[in-house]
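Here is a short report on one protein model. Look over the sequence and the structure first, then read on.

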Amino acid sequence: MITKHVHQWTAQGHIDSALQLCRKLAFEVSARVLLGCGFSDSDMHQLVTDMQVMADNCFTLPVNIPGSPFNKVSKELSLLTTLPTARR
């Protein structure tokens, strides 16, 4: 899994955002090792995106107004509950 990411990074020739790439790698490793499940690349990309929105808006006022950070987190939580069953 880590080798796959390193090969992708080296194939790009340059790295725009090392922090984002490391977050994605850490999340994928956590999902596979701690949760014991694997996701397709598209599902993993969507999970990383959803988790980033949740992390960015986690500590907000609990006011559910459209467009507010709390509203964004609420939407992401509802999306996470509709994920397809993880494949081992």
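In which helix is V33 found? V33 is found in helix 2. Helices (H or I, at least four residues) and strands (E, at least two) are DSSP runs, numbered from the N terminus.

This is a predicted model: local features need pLDDT of at least 70, side-chain atom pairs count only at pLDDT 80 or more, and totals for chains, interfaces and linings use all residues. Residues are numbered from 1 along each chain as its sequence is written, and side-chain values use heavy atoms, with hydrogens and water left out.

**Overall fold**

The protein chain has four helices and zero strands. Along the sequence, the pattern reads α-α-α-α. Of its 88 residues, 22% count as buried. Buried means under 20% relative accessible area, exposed over 50%, and partly exposed in between (1.4 Å probe, protein chains only).

**Helix 1 against helix 2**

These two helices pack at an angle of about 160°, with their axes 10 Å apart. Axes are lines fitted to C-alpha atoms, for helices over the stretch in contact, and angles run from 0 to 180 degrees between N-to-C directions. Helix 1 and helix 2 are therefore roughly antiparallel to each other, a label for angles over 145 degrees. Helix 1 passes helix 2 in a right-handed crossing, meaning that the near helix is turned clockwise from the far one by less than a right angle.

**The salt bridge**

Side chains of opposite charge can pair when their charged atoms come close. The structure holds one salt bridge (a side-chain nitrogen of Lys or Arg within 4 Å of a carboxyl oxygen of Asp or Glu). The partners are K4 and E28, at 3.5 Å, N to O. K4 lies in helix 1 (residues 2-12) and E28 in helix 2 (residues 18-33), so the pair ties together parts that are 24 residues apart in sequence.

**Accessibility of selected residues**

| Residue | Relative accessibility | Class |
|---|---|---|
| K4 | 32% | partly exposed |
| E28 | 8% | buried |
| Q20 | 39% | partly exposed |
| V33 | 58% | exposed |

**Other features of helix 2**

V33, L34 and L35 make a nonpolar surface patch of about 360 Å². Such patches are made of residues with over 30% relative accessible area and no salt bridge, with nonpolar side chains (Val, Leu, Ile, Met, Phe, Trp, Tyr) joined within 5 Å. Areas come from the Shrake-Rupley method with a 1.4 Å probe.

Q20 also lies in helix 2. Q20 and V48 are 28 residues apart in sequence and 9.5 Å apart in space, C-alpha to C-alpha.

Terms used. Patch = residues over 30% accessible without salt bridge, like charges linked within 9 Å, V, L, I, M, F, W, Y side chains within 5 Å. Parallel < 35°, antiparallel > 145°, perpendicular 65-115°, else oblique.
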